[in-house]
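Dear colleague,

Please read them with the coordinates open.

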Amino acid sequence: MQSLRINLLAAAAVAGIVSGQAQAAEVDYAAADLHGNGASAPAVVVVKLMNCYAGKKDFPSAFPNAPSFGATDGYNHLGVVGGFSEIPEHVYNPVKPTASNPQFDCKTKHIQEDIEGEYVSTGSGGGVSNFVGYTAAAAGTAATNPFVNGTLDSDTAWNNIHFIFSENPLTAANITTFNGVEDGADNTLGTGDDVGLVAPIFVPAVIVPVALAYHAEYGRYKDGSGNVKSLTFQVGADGLELTRATYCGILDGTITNWNDPAIAATNANLRDPDHPLADWNASGVPIQLIGRSDSSGTTTLFTRHMAAVCGAEWGTAGASTIPAARRDGALTYDINGNFVSGTYTPGEFAVANTSSGVAATLDKALTDPVTNLTYTFNGKFGYIGADYVAPAETVPGIELQPAYLAEGLSTTKFLAPNAKNAAAALNAINPPESLTSGAYSANPACAGVAGKTGAGCRANPLAWVATTSEAEPIANPLKGYPILGTTNIGIYTCYVDPAVRTAMAGYFNLLYGKLPAQGGEAYKFPAKLGTNVALDAGGVATGVFPRNGLSALPGKWVKAITETFGKKGPGTLGALNLWVQNKSPTATSQVAGLLSNPNCTSGKGAAS
């Protein structure tokens, strides 16, 4: 299991305030630490937004290039001092800043100075397992703690998890596990003798396009005079364009070389001019498929689409690992993209561990040919979260390009895996018990206890996130970029420590652009810090998510989620008692009077 640790930047001098900007009402939360784990695909974006939100601890934000601690633990760590290249802090810089939409440099400004957040990238499978298997330490029972002292750094060991991110949906088996952990002697969820938690909350956080990625430099050629020439794919303004039939052919293993006529049909003159035409025609550049070796939510989204539109070898549903029929089990690469073992079988997937391992493998620098008139090639092609490909800012030094994929069955319209193109599919689907606006529309069949398990009921934690089935509309969208899903956040309804509850509720609402102005030392922050798709002067999105290849949810989903869980919603919706905290405070004086869900009895909930 890879471990990716995130520690948040400390507060520094506040600077760069927009001229004439008024200070917002100060809202200071009590000190708290938030512990999260799960999906690796959004890990860097999680830390970027967390670094904007919280600023308690002075650790640099960094990306793992190699194992830390003398390589004794086998993990890679994000946020540990020393040895890693830094992730740029997010700078929200609108073209025309205003008092309500100011510039916000997350290296020097934080919304809450006394909050610390830590996130370990275990992969979606590990995150879900830890989330549903957690037992409340406050109840005197042993907590599931995969992060023992020394696994991360010299800090105190974690005894608990407060939140997760996962591309994998929860399953009925997960809920059974969760209920088995929390129930008391009467084995009935939500009754007074429960020793642990009340209903889990598991909802979409952002839309995740899955990119099919490659490196622009596909080879090097030493000519007859001994000159080494870099060979790059010659693509148009829209990049490498692939129809559904073509990318299915590549991923099914029937197209195994970049000189294939099916690729040439939409990519004329793909060959570099310095690559002799006779050599290109005769031997081309072999394609080597790269995927994940670990259980992965990104793989689930990828294989769900493959099952829906490509060959029978992909099965009938998304799987968190590549099907055996598509995987060359012998060939592996390590976390840094170095060859480990095996011989490549054309048309089958070689594997690397975690998203960072796949990125490093695809991006691995070529060596120069040794003798004249010979080549070295990098024809690798793999799937990875769109936050790892251009123009996203996720990882400095990684230079991966995305393929532009056909919209539906089109052979002329090709789309990049960006925020705009990813949002169309989910916008065609309504949230549970919702009007097209996202407003609550009660379904009588969801009343009472039946609502906890009823299909399409807001009280059912399985109702909010699409399953892995190939039949899900999002598995084969007719509009927008075709390979996508959601990264989902899991939180608990109850937290023993009110400070943790308030900190968690604040971060949850910030994800959706619904956290009220907090003020304090950092002054007013932009409400759409994470979600704004408006471009800055440099032509890149101002918001954290779209700048890094992810898409904010459509407005109707934001409305449904935040009014159900982020606060006590109006009328009958609030009476469902699905919310974590009754409201977000707009002044420090309100913090002490905030209310937890009435189902959260004393001592119940995720421990502090």
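Within β8, Phe163 is the bridge partner of Gly36, and this belongs to the parallel pairing of strand β2 (residues 32–38) with β8, which extends over three bridges. Here strands (E, at least two residues) are DSSP runs, numbered from the N terminus, and two strands count as paired if DSSP finds at least two bridges between them. The model is a predicted one, in which local features need pLDDT of at least 70 and side-chain atom pairs count only at pLDDT 80 or more, whereas totals for chains, interfaces and linings use all residues. Residues are numbered from 1 along each chain as its sequence is written, and side-chain values use heavy atoms, with hydrogens and water left out.

β8 also pairs with strand β22 (residues 484–492), in the antiparallel sense and over four bridges; in β22, Asn488 is the bridge partner of Ser166. In a regular strand the side chains alternate between the two faces of the sheet. In β8 (residues 163–166), Phe163 and Phe165 point one way while Ile164 and Ser166 point the other way, and all are buried (under 20% relative accessible area, with a 1.4 Å probe and protein chains only).

Elsewhere, there is an open sheet of three strands in the order β11-β10-β17, with antiparallel pairing. Its edge strands, β11 (228–232) and β17 (374–377), each pair on one side only. Neighbouring strands of this sheet are turned by 20 degrees against each other on average, direction ignored, where axes are lines fitted to C-alpha atoms and angles run from 0 to 180 degrees between N-to-C directions. Strand β10 (residues 217–222) is joined to β17 by four bridges, and Gly219 stands opposite Phe377 in β17.

Note on methods: Buried means under 20% relative accessible area, exposed over 50%, partly exposed in between (1.4 Å probe, protein chains only).
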